[in-house]
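Here are some notes for a colleague who has not looked at this structure before. They are set out as numbered points.

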Amino acid sequence: MLDTQATKTSPSLLYMVKQVELVVRSHLDELVKPSGITALQYTALTVLERHDGLSAAQLARDSFVTAQSIADLVRSLESRGLVRRERNPRNRRELLILLTDAGRELLEQVAAPVRELEERMVRDLTAHQTEQLRQALSKAWHALS
């Protein structure tokens, strides 16, 4: 249970999570900008790197964007040759979005700076605290999903 005195003087956890999200996104935008993509596009590419061959609806959900905005995002990535679409063999009406070799190469190019950003974010935490943070964030996400 939260201490009511602490909650009166400290920002809410929701506010703090949003602060972290905004600063991470700002830094991530700067890191990927030279590659010609946005942080949102980067996120979509990393989702495909982990789970290639998703529908637009699945990619939108996993990339934290609306179904409407994923169409523009995918079109932009496709025009750059970073993703391709192909028919789902199990459901010919559905298009699957797949990461191309060029998309994989782009992710490899930004991997080190992105890893450095994450390391910078947790540099004052021990390895154990970092793992606890990862688990706590996962539990918080599952509680609201």
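1. A nonpolar core here is a set of buried Ala, Val, Leu, Ile, Met, Phe, Trp, Tyr and Cys residues joined through side-chain atoms within 4.5 Å. The model is a predicted one. Its largest nonpolar core holds 25 residues. Those with the most contacts inside this core are I37, Y42, L45, L59, L77 and V83.

2. Two or more residues of the core come from each of these elements: helix 2 (13–32), helix 3 (39–50), helix 4 (56–63), helix 5 (67–79), strand 2 (91–99) and helix 6 (101–121). Helix 3 is the element that gives the most, with 6 residues.

3. L59 is worth a look in the viewer. With neighbours within four places in sequence left aside, L59 is in contact with A44, V47, L48, L54, I70, V74 and I97.

4. The largest pocket has a volume of about 2,300 Å³. Its lining is made up of 43 residues, and the closest to the pocket centre are E21, V24, F64, M121 and L137. Helix 2, helix 3, helix 4, helix 6 and helix 7 (127–144) each give two or more residues to this lining. By residue type, the lining of the largest pocket divides into 26 nonpolar, 6 polar and 11 charged.

5. The count of salt bridges comes to 8. One of the pairs is D72 with R75, whose closest N and O atoms are 2.4 Å apart. D72 and R75 are separated by about one helical turn, because they are 3 residues apart in helix 5. R75 is partly exposed, with a relative accessible area of 44%.

6. E30 and K33 also meet through their side chains in a salt bridge, at 3.7 Å from N to O. K33 has a relative accessible area of 53%, so this residue counts as exposed; the cut-off for exposed is over 50%.

7. A further salt bridge joins E86 and R84, with the closest N and O atoms 3.3 Å apart.

8. Q109 is a residue of helix 6. Q109 is exposed, with a relative accessible area of 56%. In sequence Q109 and S35 are 74 residues apart, while in space their C-alpha atoms are 8.5 Å apart.

Technical notes
Residues are numbered from 1 along each chain as its sequence is written. This is a predicted model: local features need pLDDT of at least 70, side-chain atom pairs count only at pLDDT 80 or more; totals for chains, interfaces and linings use all residues. Side-chain values use heavy atoms; hydrogens and water are left out. Buried means under 20% relative accessible area, exposed over 50%, partly exposed in between (1.4 Å probe, protein chains only). Helices (H or I, at least four residues) and strands (E, at least two) are DSSP runs, numbered from the N terminus. Contact means heavy atoms within 4.5 Å. On a 1 Å grid over the protein atoms alone, a cavity is a set of points where a 1.4 Å probe fits but cannot get out, and a pocket is an open set with protein on both sides within 12 Å along at least five of seven lines; lining residues have an atom within 4 Å of a point. Grid points are joined across faces, edges and corners, and a volume is the space filled by probe spheres set on the points. Ala, Val, Leu, Ile, Met, Phe, Trp, Tyr, Cys and Pro count as nonpolar, Asp, Glu, Lys and Arg as charged, and the others, Gly among them, as polar. A salt bridge is a side-chain nitrogen of Lys or Arg within 4 Å of a carboxyl oxygen of Asp or Glu.
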